[in-house]
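Please open the model in your viewer and keep the selection tool at hand. The tour moves from one selection to the next.

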Amino acid sequence: TLYDDGFGTRLLRIEDLKSTHGCSMEVGFTTAEAPTDAKSLKGRVIIGTLKGASGNMNYLIGREIDLTGMRSLVLYEPGTPPLLTGAIAGMLPAKH
């Protein structure tokens with residue numbers, strides 16, 4: 001889920017992740033709707049590396065990162081096809 005607090009802070013929250021891959025995976029967004037290979041990862045924005053193989057994780061997204069046109073969240077290991085993707089529905093306001 002993407003959150004925006006309206007004051008310049010954006011956060012990506014990944015919940016209940018279960019993966020056999022570890023912290024070598026990158027977390028990012030891509031302009032492709034359903035990326036399946038390296039070609040569909042063009043136009044991607046990386047926000048960090050995976051913090052663990054399972055559980056809940058938060059990623060702050062700096063304002064310098066432009067999410068315009070980004071359509072999918074993608075977790076992948078460089079040199080391999082995308083391993084996990086999800087559509088971006090839009091940003092939700094943070095709960096205060």
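Strands here are DSSP runs of E covering at least two residues, numbered from the N terminus. The model is a predicted one.

Start with lysine 42, in the loop between S3 and S4. Is lysine 42 buried or exposed? Lysine 42 is exposed, because its relative accessible area is 61%, and the cut-off for exposed is over 50%. Leaving aside residues up to four places away in sequence, lysine 42 touches Thr30 and Thr31. Threonine 31 lies 11 residues from lysine 42 along the chain, and their C-alpha atoms are 7.6 Å apart.

Next, select S3 and S6. These strands run antiparallel and are joined by five bridges. Phenylalanine 29 has leucine 73 of S6 as its bridge partner.

Stay on S6, where five of five residues are buried. Ser72, Val74 and Tyr76 point one way, while Leu73 and Leu75 point the other way.

Now show the largest nonpolar core, a group of 18 residues. The members that touch the most others are Leu12, Val27, Phe29, Ile47, Leu50, Tyr59 and Ile61. At least two core residues come from each of the strands S2 (10-18), S3 (26-30), S4 (45-49), S5 (54-61) and S6 (72-76). In soluble globular proteins, nonpolar side chains tend to be buried together.

Finish at arginine 10, in strand S2. Arginine 10 is buried and has no salt bridge. Which side chain of opposite charge is nearest to arginine 10? That is aspartate 4, 5.5 Å away. The arginine 10 side chain does reach the backbone oxygen of glycine 62, at 2.5 Å.

Note on methods: Residues are numbered from 1 along each chain as its sequence is written. This is a predicted model: local features need pLDDT of at least 70, side-chain atom pairs count only at pLDDT 80 or more; totals for chains, interfaces and linings use all residues. Side-chain values use heavy atoms; hydrogens and water are left out. A nonpolar core is a set of buried Ala, Val, Leu, Ile, Met, Phe, Trp, Tyr and Cys residues joined through side-chain atoms within 4.5 Å. Buried means under 20% relative accessible area, exposed over 50%, partly exposed in between (1.4 Å probe, protein chains only). Helices (H or I, at least four residues) and strands (E, at least two) are DSSP runs, numbered from the N terminus. Lys and Arg count as positive and Asp and Glu as negative; His and the chain ends are not counted. A salt bridge is a side-chain nitrogen of Lys or Arg within 4 Å of a carboxyl oxygen of Asp or Glu. A polar contact is a pair of N or O atoms within 3.5 Å; within protein, one must be able to donate a hydrogen and the other to accept it, and residues adjacent in sequence count only if both atoms are side-chain atoms. Two strands pair if DSSP finds at least two bridges between them. Contact means heavy atoms within 4.5 Å.
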